[in-house]
Amino acid sequence: MPGAILKVEGLNKSFGGIKATDDVNLSVEENELHAIIGPNGAGKTTLIAQLSGQQMPDAGRVIFRGRDITRAAAHRRARLGIARSFQITSLVMDMSVLDNVALAVQARHGHSFRFLRPARKVAPIRDAAMAYLAEVGLEDRAERPTVALSHGEHRLMEIAIALAAEAPLLLLDEPMAGLGAEESARMVALLKGLKGSRTILLIEHDMDAVFALADRISVLVYGHVVATGDPVSIRGNDAVRHAYLGEE
Amino acid sequence: MAGLSRTALATIVLLGLLAVLPPIFVWTGNAFYVDLATRLVILGIAATSLNLILGYGGLISFGHAAFLGIGAYGVGIPAYHAIFGGFPAVASFNGFFQVLLSTGVAALFALITGAICLRTKGVYFIMITMAFAQMVYYFFVSLSTYGADDGLVINMRSEVPLIDLNAPLQLYYLCFASLVAAMLIVRTIVNSRFGMVLQGAKGNPERMVSMGYNIFRYRLTAYVISGAMAGYAGALLGNFTTFISPDMMDWTRSGELMFMVILGGAATTLGPVMGATLFIVLEEVLQIVLDWLEPVAEPAYTALTGRDLQLEVYWHLPFGIVLILVVLFVRGGLMGLIRGRRD
């Protein structure tokens, strides 16, 4: 596939006797929104952890823009251009909202062994961070301590941080997790706006959201990809129905 | 005082008192209190340096006294050889050379041990930093040339231009200026981009890594800066006490520095100095109070045991109770109290 930005080949990962990732093959094309769905315990989070480097696979390869990153450390992968959001909100709670996003911007402005100038006075970084907050609609929350924001706002912050990395590939781990209907709709609208201009690998539980957003969907069951295709073909796929609806 | 925060006000008051009180002590014939103030200020520098990694970095280092001790020996060993001969490479009274040695060796020690310690987390980090400090402690205990556990008397203080360190007030003001400099340095560092990464790694290391930061390198750098600063404080301490011994590096000393930081308010500029002040003041006041109480308690004690009562040596007990109360009931230490409740 010519446009594949991320390729996963024969990925395997076991915990004890349980195969969390079972011979996973996957490709993500440039500027597509590729969703991974699957029932609880299908190994979605384990898969994303291996893509972003929190966990190392037992076998197989991860190729990002033609480069084998299977064994690269997490911070190296971030530097190479893989940004991620976390299923369980992962923010620096005792910092302000803007500080959190500014750290993500700062990460791609060279090294941070800069000791003298106050970080909060570096206009290019602060302005850019503010722009990402505006993109997710949190600009009026910028100076608030992160801990004071609602869960829904934390989820939006996760997206702002992922965007701030300006990464060629965004791994979004269940951005709708724990959101109410209204907040979910806001998130779907936000992701719809990003679609087409960014390459996104979306892991999501919310089926309505996935079918509304995805260009392609891969279905993960017991660590194995049972089907990949556009939303229409996935909806009609027997293996998928079987996995989700159980015995017929 | 519109526009001036309570924190800023506290800073002005405390540093102002430290700036003007010592000469007043001398004029009123209480020279002893200058010694107390000097010790306070030196411990304030050490606590400030610890605050960089403990308060802002979230790295609970339980071996900070080792840097202080290394710094003190960095003055003592050159002075010893300059007087008694031998080891010409270090024999010197030159203050700049001694400080360079103190901070340099402390930084090197921080680099080597930090590179190992920072690969661990949580309780393991606490234990391994303490273990390395105890190694240094026993290393100096085993060095009989430098007095082993009896310690080493520094017969000549460091020679520096313009200042005579034998004059208590001059030594004091050197230490005080160093404290202000240390506070400004730490403040500048924590507000810089480097400091943001350091604090981010305290709040959420996983997030920082996924943003692309190699947090190990940032933490190690902070650890080395902190160690070097504590080494500098040790050089001042050696000049102040003119007697150094491995006791300065005992793990209880490291614990005292941690108390100062936490008591005063971790991750604040003034907190460690507040903590050092409270520590020194309590130490004195409690001994005085116990001394007052002694005549009251003595008859009963003597009747029971047939011995004289030395009540003031038990000042650690009420001191410990105060510590526990502060930790339990005052969130954010003294600075938390001063700042008041937010949000």
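Two strands pair if DSSP finds at least two bridges between them; helices (H or I, at least four residues) and strands (E, at least two) are DSSP runs, numbered from the N terminus. The model is predicted: local features need pLDDT of at least 70, side-chain atom pairs count only at pLDDT 80 or more, and totals for chains, interfaces and linings use all residues. Residues are numbered from 1 along each chain as its sequence is written, while chains are lettered from A and ligands numbered from 1 in the order in which they are written.

**View 1. Strands 9 and 10 of chain A.** Strand 9 (residues 216-221) and strand 10 of chain A run antiparallel and are joined by five bridges. Opposite Ile217(A) stands Gly229(A), in strand 10 of chain A.

**View 2. The six-stranded sheet of chain A.** This open sheet has mixed pairing and the strand order 6-7-8-3-9-10. Strand 6 (82-85) and strand 10 (224-229) of chain A are its edge strands, each pairing on one side only. On average, neighbouring strands are turned by 20° against each other, direction ignored.

**View 3. Helix 1 on the strands.** Helix 1 (residues 44-52) of chain A lies across strand 3 (33-37), strand 6, strand 7 (169-173), strand 8 (199-203) and strand 9 of chain A.

**View 4. The side of chain A that touches chain B.** In contact (C-beta atoms, placed from the backbone, within 7 Å) are 29 residues of chain A and 23 residues of chain B. Helix 2 (74-80) and helix 3 (97-107) of chain A are the elements that give two or more residues to this side of chain A, and helix 3 gives the largest share, five residues.

Key
Contact = placed C-beta atoms within 7 Å. Axes fitted to C-alpha atoms, helices over the stretch in contact; angles between N-to-C directions.
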